Amino acid sequence: MINITLPDGSVRQYPEGVTGLEIAASISEGLARNVLAVKVNDTIWDLSRPIGSDAAIQLLTWNDDLGKNTFWHSSAHLLAEALEELYPGIKFGIGPPVENGFYYDVDLGEGNQFSQDDFAKVEQKMLELARAKNEYKREEVSKADAIEYFTQKGDQYKLDLLKDLEDGTITFYTQGNFVDLCRGPHIPNTGFIKAAKLMNVAGAYWRGDEKSKQLTRIYGVTFPKQKELTEYLERLEEAKKRDHRKLGKELELFAFSEKVGMGLPLWLPKGTMLRERLEQFMRKAQVKAGYQPVVTPHIGSKELYVTSGHYDKYGADSFQPIRTPNEGEEFFLKPMNCPHHCEIYKTRPRSYKELPVRLAEFGTVYRYEQSGELHGLTRVRGFTQDDAHIFCRPDQVKEEFKKVIDLVLYVFSALGFEDYTAQISLRDPENKQKYIGGDEAWEKAENAIIEAAAEKGLRTVTELGEAAFYGPKLDFMVRDALGRKWQLGTIQVDYNLPERFQLEYIGADNAKHRPVMIHRAPFGSLERFVAVLIEHCAGNFPLWLSPEQFAILPISEKYQDFAQQVYDRLQQEDIRGFVDNRDEKIGRKIRDAEVGKVPYMLIVGEKEQDENAVSVRRHGEGDLGTVSVDEFISMFKGKIAEMTNN
């Protein structure tokens, strides 16, 4: 008998060789019908694969990310099977799952094309094959047999992949008449796939090498129910409406110019107002939390980034050096703020009594992203971070880390992000050369993050290999209104930069000690944060953040003077907006304000002028009635306070 530990910590005994499917059946019939794969210790297995020794397992369903991953990997094989039946002689590259579905890179042969016109027949063939409920069968094969099989088949791409594989590690998977070189795992059979949709077709060089042949990359997505596919496609349509690039243009928030340069956003007046509100919000919260503001240059000497390690890590892929008339003198556009803050810390001796020192800056940094990776505000070459660095004693690390968690959660609450997970990003224990610093410092830093997250009661996941090169971190993964996952906000513990910059403080023992550094950015990149916020709220920003919080709409020219009086009164109360004095009918003014997503429309005519009042309409809600100007101000400020907890 072997001991099987379940996720809740309970242990059950089973005969040696038990399968994941048999374990699921022993728990419930419903689970056995829905389970897709099994995680055995840290590896995903097929449900039919025997478990030969004690293990901790997790039974994966469609509700688990790893379950979806397996489902979509199997769907890529189903796509390949359908393509092979429809296009005899087709050759196959790779077909992995991706965040929302899968793709397969294929070679259709000289002169053959694949377009969206071909999608329907491939989808129909996929569903026809799925209904056969063919089992995904795993087979271990020798390298020689694998080479012989794909040589006979004439598939040079699989033969190229086999060059990097060692004997004893090679497996084939077969479903129906299709055989593929694959590590797996896969779902039990094709019958789980009930809905299929091809999404896109593009070109992709084999192995990403521009000197290699360009293959056809076919993207698809599948679901266990047709209803889920329908809902997914509806979400995609909604996402198009919410695209921050589209709304950013319509709402006049930001723009790009080829003359200025790719990936360098221009913030328009309304976007700048939004940005400044975010900055003011964070500055106020930081002052309360004991941060001191600093400002650093947009460039730094090469030596600064050599010391920090950023030059070795990013130098080749960053903007190239700025050379001065002095021979050998080189500067770099600032890729990170932290080396500058280390130098600020060093400007004078520090005592243990004044720690922690918390330095905060809205610092603009520059990274040379490849042109093909640029995407609106989410991937740019120049962006501003709400960056701060906390220099503290080792005994203060956990408490400071918890305070930063509180600040991040305060930001999420004020902006309506309610669905989030904290990702504990640790270094890859199998590839330590990617990181700077010794094992002891890394273990201390990782333990501090794990303990702080647990004490704050965060819902967490742990990812190996996702740490920064200088230290582990806690990344907040937020789901927006459409269920999409974004990384917003990060906190990092760093024992290495204080060592590299020889940072010190005098301890109670009158000896020199090394502080610990905590990096934190609740927004992360302001550009990326605004992009996510636009798509999350579809441009209907929280009232306190909206660039234009009201539009005063006079019914006719006669009431423009009163409209201006109301405007001036609201401006005195720091309530932002405008007067629409256009020679248009009131219905048109209301429609335009609605399209512009202005939160409040204040209509003024003879009655309102006589009573020093405004007729209030709320965007998306309609008429709220007539109130005095003072009553509107009081109501407005109450809503702001409620949203920001002020």
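Me: How many aromatic pairs does a search of the whole structure find?
Reply: Happy to start there, with two notes on the ground rules. This is a predicted model, where local features need pLDDT of at least 70, side-chain atom pairs count only at pLDDT 80 or more, and totals for chains, interfaces and linings use all residues. Residues are numbered from 1 along each chain as its sequence is written, and side-chain values use heavy atoms, with hydrogens and water left out. Rings of Phe, Tyr and Trp (its six-membered ring) pair if their centres lie within 6.5 Å; planes under 30 degrees apart count as stacked, over 60 as edge-to-face and the rest as tilted. On that basis, the number of aromatic pairs is 32.

Me: What kind of pair do Tyr149 and Phe150 form?
Reply: The ring centres of Tyr149 and Phe150 are 5.0 Å apart. Their planes meet at 85°, so this pair is edge-to-face.

Me: Is Phe150 buried or exposed?
Reply: Buried means under 20% relative accessible area, exposed over 50%, and partly exposed in between (1.4 Å probe, protein chains only). Phe150 has a relative accessible area of 1%, so Phe150 is buried.

Me: What kind of pair do Phe632 and Phe636 form?
Reply: Both of these residues, Phe632 and Phe636, are buried. Their ring centres lie 5.9 Å apart with planes at 45°, so the pair is tilted.

Me: Over which ring does the charged end of Arg49 sit?
Reply: A charge sits over a ring if NZ of Lys or CZ of Arg is within 6 Å of the ring centre and within 35 degrees of the ring normal. For Arg49, the charged end is 4.1 Å from the centre of the ring of Trp45.
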